[in-house]
Amino acid sequence: MSMSGIIRFNITMSKPKAKAAQTHQTGIYKSDSVRDVAESLGIANLSETVASSLASDVEYRIHQVIEEASRFMRHARRTTITTSDIDQALRVLNIEPLYGHNPHNPPVFRRALPFPNAANVGPVYFVEDEEIDFDRVLREEKITLPKGVSWTAHWLAVEGVQPLIPENPPAIPKDVDQEITKSPPQANGAFPLTPPSESRSTVKKQQQQQQQLVKQVLSRELQLYYTRLTASLLPPTADSTKRTAALASLRNDAGLQALLPYLIRWVGEGVVTALKEGAQTEADGRSLEVLLDVVSAILENNTLFIEPYLHQLLPAILSTLLHSTLPPSHTTHLRTSAAQTLSRLLTQHSTTYPSLSPRIMKTLLVALISADKSKGTREGAIRGLVGIGKEAVRKGLVEGGGVKVVGSECTPGETGPLVDSVMTALNVLHPASDMPESLDATDDGDTVTIAQLQDVLGNFFAEKLHGDKGWALGILGSIKQQS
């Protein structure tokens, strides 16, 4: 059975017929069609009785399919049966559907012209095939199919900072026309020509956009909070009540995330201002202590997300730690505080950024063993290694040769902050004995220990450990165990 036969049957059924007495009429589906199908399959001489029976059965099946398809048509609230209705009806009747017919692009049936030699043959319908001109198809422009619909996720903003990725809109450019705004006067004393009004309006428009952005990012309350906070911290005064309250607010208050970049920038500028002069005063030392307290308070505040600003915090901490000249009365306290702050920062964020600790170690090691560094810088590097931990002390002082470099610059019997920092670092490797016992140079075992100390620590600091045999053996044992 073909689709043309179904539609031919549908069109024929739509025409009313006059009832007449027929003696040998088998139905609408003729037995001649059955005989033609049988001959195409190689079955010849099919009897009239068998052909009529098959024609009646085919007509019954067609009625059944059309009836089921009509139900789908009525449920779809249509008045025309489509090929999809026929397919659904065939599936309901457990019959394999007809393939190659699309309900969205139904075929167009045309009626064939009558044959003059077969006037008794009924109307014949056929599907007209479209003729394709290959020359025209090859000359036409090729249409590229668009990609399928897909979706992807990206960060629109991270803690108020918009990432520079293609999916995000471009950031508003900064001030341009630097030559116009920063051009010096002419040599003859005349000022440069006034720029065109269009450029001035462009610069003014950009400044208004930037001012508008600042107002949107920082609320009026946060601006007032920032002003009063910085005024309470610097310049340091004898009254520490306000300063203590301000630091407590930084440690515990939530909702300061929008203010964080401004605070970090303020700390960096304060450190640069205090260290830029050749000789620091007592006021500079107190200012640096307050700024380090501010950094420590920011790190202690668990509600702040400071990871995007670590690269701005580290220069302020390392500059204070490794600066060559600090106020004498504040030197030890400033370097120790900076080392403790650096240790806290690495403890909190070294797991998130695995390369952070090696970079800090490299910076401290260069400051420790370089030939052109001052004693203050070396002291800061040693205190920084102490703040990081035992492994950093072993790699920097022993394996890196820092203790030998410091010992070679010290005179016999010298004391001071640098020597004290090295002794503190050695105490981190192994604690000193409660009841020290001196090494005996006449004893063979102690002689070997002294030689090993001189080989590892150099002559200056090996001599410092002669009075504590247990401490010396503990340091050598700790170094051998780690290596």
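Here is a walk through some salt bridges, loops, a helix and a ring pair.

Some ground rules: this is a predicted model, where local features need pLDDT of at least 70 and side-chain atom pairs count only at pLDDT 80 or more, while totals for chains, interfaces and linings use all residues. Residues are numbered from 1 along each chain as its sequence is written, and side-chain values use heavy atoms, with hydrogens and water left out.

Helices here are DSSP runs of H or I, at least four residues, numbered from the N terminus. Select D32 and R35: they form a salt bridge, with the closest N and O atoms 3.1 Å apart. The term means a side-chain nitrogen of Lys or Arg within 4 Å of a carboxyl oxygen of Asp or Glu. The two residues sit 3 apart in helix 2, so about one helical turn separates them.

**Stop two: two loop residues.** Pick N45, in the loop between helix 2 (31–40) and helix 3 (48–75). N45 isn't a glycine, yet its phi is positive, about 60°. Buried or exposed? N45 counts as exposed, at 82% relative accessibility; the cut-offs are under 20% relative accessible area for buried, over 50% for exposed and partly exposed in between (1.4 Å probe, protein chains only). Now jump to R77, in the loop between helix 3 and helix 4. R77 also has a positive phi, near 60°, and counts as exposed at 79%.

**Stop three: helix 4.** Select residues 83–92. T83, D85, I86, D87, A89 and L90 are the buried ones to colour.

**Stop four: a cis peptide.** Zoom in on L234 and P235, joined by a cis peptide bond with omega about -5°. P235 is in the loop between helix 8 (220–233) and helix 9 (241–252).

The structure holds 17 salt bridges; for another of them, show E409 and R378, whose side chains meet at 2.9 Å, N to O. This pair links distant parts of the chain, helix 17 (residues 402–409) and helix 15 (residues 375–388). R378 is buried, at 0%, while E409 is partly exposed, at 32%.

**Last stop: the rings.** How many aromatic pairs are there? The count is 1, and F460 and F461 make it: edge-to-face, 4.9 Å centre to centre, 85° between the planes. Rings of Phe, Tyr and Trp (its six-membered ring) pair if their centres lie within 6.5 Å, with planes under 30 degrees apart called stacked, over 60 edge-to-face and the rest tilted. Both F460 and F461 are buried.
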